[in-house]
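Please open the model in your viewer and keep the selection tool at hand. The tour moves from one selection to the next.

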Amino acid sequence: MIAKATGPKGRWVTILLWVMVVAFLSAVFPSVNKEETNSPALLPDNVMSAQAAKVVKKEFPNNAGTPLLIVWERDGGLQSSDYEAVRKLYDELSNRPLPHQSFIPPLNQVPQATLQRSTSQDGAALITPVFFKENTPTDILKDAQNQVKKRLEKLLNDQPFGRTLSANGLHVRFTGPAAIQTDAVELFSRADITLLMSTIFLVLILLVLLYRSPILAVVPLIGVVFAYGAISPILGLLAHHGWITVDAQAVSIMTVLLFGAGTDYCLFLISRYRDELHLESDKYIALHRAVTDTGGAIIMSALTVVIALLTLLFARYASFHRFAVPFSLAIFVMGLAALTLIPALLSVLGRISFFPFIPRTEEMARKLEQEKGKQVKRHTPRSRLSSVMGRLVTQKPRTIIIGCLIGLGLLAVFSSRIQFTYGLLDSFPNDMPSRVGFDIIAKHFSPGELAPVQVIVKDAGAEDAVREDLSDLPYVKTVSDVRAGEKNPHYRQYQVTLAMNPYSREALKKIPEIKKTVEKSLAEAGIENPDNHVWIGGETAALYDTHQVTVKDMARIIPIVIVVIALLLLAYLRSVVAMGYLLATVLLSYVAALGAGWLVIRYILGMDAMQGLIPLYAFVFLVALGEDYNIFMVSSIWKKSWHMPLKEAISGGVTETWSVITSAGLILAGTFAVLSVLPLEVLIQFGTVTAIGILLDTFIVRPLLVPALTAVLGKRAFWPWGTERFSLLKDRQGQ
């Protein structure tokens, strides 16, 4: 089958089929970018904050719509001219409403004294809202903000939006849900282009440096482009029919994964093809041998990653869940391309693909020497370093094991010191307008006023007790007057203002305490099952639920991933012992990557906290991709162990795979490191941790720790089903 697909005729058929499939899919189905969602709904419907939001929508509806908050600030205090500007702007908005504008407060009709009473205590900041209809498209919200900006600049004959906060004068910024939504979309739209160009440039440069062939550097990129051409419309089709949900963040990371993992698969094949071309003059036979030799490992590697990524379907947090199908489909299609399209392209190009360092057999080299009349440089099978590494792991395995465990263990210790955050704005750049506006509010107003906690109670006359008990809590600054439900007056709503930053980790810890306090008040009032009568909502409660859901997702998915990969390793290697230590080394590497990543994030990048989603993101990628490299190296050792003593097989396996896996690891780590050029902290942190983990696997776990463990364990590493090879080898040697 492989011979036909890469033969003189089959290669053209294979390429034509790929062209036709990609062209058909692109013409018939929408691209994934057109079906991306910007929905902020990430929590399951049954968590407390989501239930509270439903009750609020039904009993305490805010018909005003989605708010855009305009923040006005002047050091030393707002002036009469500033208040007049507010009134003039709202007069403009009243006479000439913005597209999809649903409501504005009549600030154009109120006197200056009334506006001043809404100003912060220091008199330096004011917040005024403009409301838009629910579900207003992001592009319309963006256009509306631009119109507000232009109108105000014309009224003032000034540039209050562009003035830095350190400069004198009036400063105006947008924030709130509408501004955050538009900023987030803009960030990802810029990120897609930056990420794509940076990734292509990095991969191209690395391939040229590693293989010293401009033609060969382009071949994997062609495979990635074709794979993406098939993946994008398939995902677009699935998203269009509502079978999956795809967001911009998933598409961005999928692009990185496609380039990194896809290039890796191509490298394993290309490296083997080059080796075969030094032994075989017929390029078709050489290619057939290369695909046959690497195909099993590539299939097993891709299958491991695909199934590991599909386990994210078990996640309840939407951001995790949305990654499963795009990522697994990307790996599956890229694996298919690596075994069909890439061999077909190599078959067309043949030896010329390695230009200017064309691989030749010894006979071809001698013939060329006769034609040129000078000596032709011979191929060096392996680098000196790879040979040194191969000998080292078999001569001093225990020393290597102890050194690796100490190094990785020390890094792993720092993972216990990680501080986590779950806030969306924490992921925005410091100079993003909506974050700047948010910071102005935090600076001039009481921290808790930024996002009051919504306490919803279904009671029967316990409202005074509830309000009093909430007010007595030491971390509560104020409790609003009670508001009765519109449809069911037994529902009560309290706006609780905390005396702390409502987005802080300390505030999140107060949510269960607030709920217990209200439940106690209801129980003392004689209400049965008080836990069924209380809901806590708002931003702080949503962040608390995010933490709870993601922790449970990790507890659910991590064991599933471990079991799945263990079974795949067991089926492929037929060894319980090998399965055990391969998994253990990758898990240790993962925890060490978290610790090392935290050191970089905290002390080099200067970030105060790690996004709470990073550990699970990193786990699935690092464990799956880490086993990739183990599979390629161990499969080489396993094959050699049928024909030579185990120590020679280990040394030969390390020597044989050192260069290609090191090259692949550098490219994969580099592609994930590209995420650090993006302006979103969550992607910067994910790229940092993943790149560090891949480098640890590439330079410590795979070439040192795993082969050293195999050397120490000896034939026990193959127990129970692989030990028969040693008796067969002994019989052969005795003959």
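In which sense do strand E1 and E4 pair, and over how many bridges? Select residues 66-73 for strand E1, which pairs with E4 in the antiparallel sense over five bridges; strands (E, at least two residues) and helices (H or I, at least four) are DSSP runs numbered from the N terminus, and two strands pair if DSSP finds at least two bridges between them. This is a predicted model, in which local features need pLDDT of at least 70 and side-chain atom pairs count only at pLDDT 80 or more, while totals for chains, interfaces and linings use all residues. Residues are numbered from 1 along each chain as its sequence is written, and side-chain values use heavy atoms, with hydrogens and water left out.

Within this pair, Leu-69 has Thr-175 in E4 as its bridge partner.

Next, select helix H4 (residues 80-95), which packs on the sheet and touches E1, E2 and strand E3 (125-132), contact meaning heavy atoms within 4.5 Å. The direction of H4 makes about 5° with that of E3, where axes are lines fitted to C-alpha atoms, for helices over the stretch in contact, and angles run from 0 to 180 degrees between N-to-C directions.

Then select helix H17 (residues 433-444), which also packs on the sheet, touching E1, E3 and E4, and whose direction makes about 110° with that of E4.

Now show the whole open sheet, where four strands lie in the order E2-E3-E1-E4 with antiparallel pairing. Strand E2 (101-103) and strand E4 (171-175) stand at the edges with a single partner strand each, so one side of each is left without a neighbour in the sheet.
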